[in-house]
Amino acid sequence: MTTRRNFIKTSGVIAGSTLINPLWGAQNMRPLTNTGNKLKIALVGTGSRGCSMWGRDLVRRYPDQLQFVGLCDINPGRLETAREIIGVNCPTYTDFDKMMKETRPQLLIVTTVDSTHHEFIVKGMESGADVLTEKPMTTDEIKIQAIMDAEKRTGKKCRVTFNYRYSPHRAKMWELLRNGEIGDLTSVDFHWYLDTSHGADYFRRWHRLVEKSGSLWVHKASHHFDLLNWWIDSDPETVFGLGSLDFYGNNGSYRAENCRACPHTEKCNFYWDVTRNEYYKKIYVDNEKHDGYLRDGCVFKNDINIFDKMAASIRYKNGVQVSYSLTAYSPYEGYRIAFNGTKGRIDAWIQESKPVNDVDYDQIILFKNFSKRQYINVPHGTSGHGGGDDLLRDQIFLPGISDPLQQCAGTRDGALACLVGIAARNSIATGEPVKIADLTSIKPQEKKTYQRL
Ligand SMILES: NC(=O)c1ccc[n+]([C@@H]2O[C@H](COP(=O)([O-])OP(=O)(O)OC[C@H]3O[C@@H](n4cnc5c(N)ncnc54)[C@H](O)[C@@H]3O)[C@@H](O)[C@H]2O)c1
């Protein structure tokens, strides 16, 4: 575990208040509501992410800073399993309103199915808590507006946990762009590949339904659109999208409800025995009896209604153009990105699975016009998402950490990341480009607004 002393030594963090104010205390050091006791946290959605990244890991990493006062989920079995995995003895609830009323948390963490986030974000702020929500902030424009309105009405804040911003190589790209290494940025080529393992997993789970995940345009690509918004430092203005389902779903020649009930396991490349994963067995399989949710759903089920091949052209308010694509059935996982500028280009091919060279760094190539290439090797971090997960959590829960790379994201950032995918979805439905300004009250700005939470 990282001790505070080690952390300060390795990160150069400024020693600050010993009190904690998650979400924003680190940046403006405004007076804290916490009176020196541990921060009171409630969490809704005790699935995989809630149990690990925002549950067990918080309890282990920040024992002196925070305390769980309530856990909530609609699956009572998973809720009890979660209490054990997280390692707490706080009360558990299947009724969210009751939890908020009885436990009065200072911070609510939202890690439920994407389409339900808005409900808890809004109610959480209305009951007096600040909110930390997993991405995507929500799944459609009406829910975005409800969140923005609730934040304004209540004066509470909601932080969106865009962990992708914290990966060291992506932070390096941001620094190179901000330092003007390639002059003025004019366009970005960004192509993301999900493989037949992790990518296929989206088609096994609730993510396969647009009404739960908003589709991969929102569930997955909101990570990528947030990175683009942050890197480009401007707001997206117009989106034209294309997409189709070419590989999973009804494209398969056989199917079943789920892998355990499947008669085709011998020939199916996607056969997966969920019971061999102890963690998944514990949180999902052992609790199926409560809600019927199958973690090992068939990737060729006919009800799959999201795309597995997507492309978008995005124009930013500052004139930058983006060519984006997402393919969900690639042999390897990773992405290729190029930033084109008036004085050069930044290139990277990040291979997250099956890398060609097994090295412990990510390489960025900085190529200035009329000059030689420079290779910049950024070492991998040690926690999830290239080391980004720990950096994000430390910034939230350890006092006195500043935000020099503007990685902290509020509701405006959360909304704009979702809005690009929502606009692409709407564009596919109509065949027309969609203006971001037509979707909610957010008006795109030439220079991105940095939300000092
Ligand atoms: N940032 C990242 O890299 C990252 C990675 C994984 C997941 N996530 C996000 O975390 C969230 C959770 O994902 P997960 O993989 O843990 O999913 P999961 O299916 O394991 O967990 C979701 C939980 O929410 C519960 N739930 C659903 N509707 C509810 C409701 N109305 N009230 C209370 N509980 C409800 C389910 O019972 C389940 O326990 C999602 O929003 C996902 O996008 C983010």
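Which side chain makes a polar contact with the side chain of Thr411? It is the side chain of Glu151, at 2.5 Å. A polar contact here is a pair of N or O atoms within 3.5 Å; within protein, one must be able to donate a hydrogen and the other to accept it, and residues adjacent in sequence count only if both atoms are side-chain atoms.

Before the rest: this is a predicted model, where local features need pLDDT of at least 70 and side-chain atom pairs count only at pLDDT 80 or more, while totals for chains, interfaces and linings use all residues. Residues are numbered from 1 along each chain as its sequence is written, and side-chain values use heavy atoms, with hydrogens and water left out.

1. **Thr411.** This residue sits in helix H16 (residues 411-430); helices (H or I, at least four residues) and strands (E, at least two) are DSSP runs, numbered from the N terminus. Thr411 is buried, at a relative accessible area of 0%. Buried means under 20% relative accessible area, exposed over 50%, and partly exposed in between (1.4 Å probe, protein chains only). Leaving aside residues up to four places away in sequence, Thr411 touches Met137, Ile147, Met148, Glu151, Cys158 and Gln451, where contact means heavy atoms within 4.5 Å.

2. **The ligand shell.** There are 24 residues around the ligand, and the closest are Asp73, Arg78, Asp114, Trp206 and Tyr284; a residue is near a molecule if one of its heavy atoms lies within 4 Å of it. By type, the shell splits into 7 nonpolar, 11 polar and 6 charged residues.

3. **Polar atoms facing the ligand.** Trp206 has a polar side-chain atom 2.8 Å from an oxygen atom of the ligand. The backbone takes part too: an N or O atom of the Thr112 backbone is 3.2 Å from a ligand oxygen, and a polar backbone atom of Gly47 is 3.4 Å from one. The protein covers 89% of the 850 Å² of accessible area that the ligand has on its own; accessible areas come from the Shrake-Rupley method with a 1.4 Å probe, and for residues only the protein chains shown count as cover. Helix H3 (48-61) and helix H6 (117-126) are the elements that give two or more residues to the shell.

4. **Helix H6.** Of the 10 residues of H6, 7 are buried, so this helix is largely enclosed by the rest of the structure. Those residues are His117, His118, Phe120, Ile121, Val122, Gly124 and Met125. Their cover includes strand S1 (39-44), helix H5 (96-103), strand S4 (107-110), strand S5 (130-133), helix H7 (141-154) and strand S6 (158-160). After H6 comes Gly128, with a positive phi near 100 degrees.

5. **Aromatic pairs.** Rings of Phe, Tyr and Trp (its six-membered ring) pair if their centres lie within 6.5 Å; planes under 30 degrees apart count as stacked, over 60 as edge-to-face and the rest as tilted. By this rule the count is 27 aromatic pairs. Tyr193 and Tyr332 have ring centres 5.9 Å apart and planes at 65 degrees, so they are edge-to-face. Tyr193 lies in strand S7 (residues 185-195) and Tyr332 in the loop between strand S10 (321-330) and strand S11 (334-341), so the pair ties together parts 139 residues apart in sequence. Phe203 and Tyr248, with centres 4.1 Å apart and planes at 20 degrees, are stacked. Phe203 is buried at 0% relative accessibility, and Tyr248 is buried at 0% as well. Ring pairs also link Tyr164, Phe190, Trp192, Trp217, Phe225, Trp231, Tyr324, Tyr335 and Phe339 into a cluster.

6. **Backbone spots to look at.** The peptide bond from Lys135 to Pro136 is cis, with omega near -15 degrees, and Pro136 is in the loop between S5 and H7. Arg104, in the loop between H5 and S4, has a positive phi near 45 degrees although it is not a glycine; Arg104 is partly exposed at 46%. Asp233 is another non-glycine residue with positive phi, near 65 degrees, but Asp233 is buried at 13%.

Conventions: Ala, Val, Leu, Ile, Met, Phe, Trp, Tyr, Cys and Pro count as nonpolar, Asp, Glu, Lys and Arg as charged, and the others, Gly among them, as polar.
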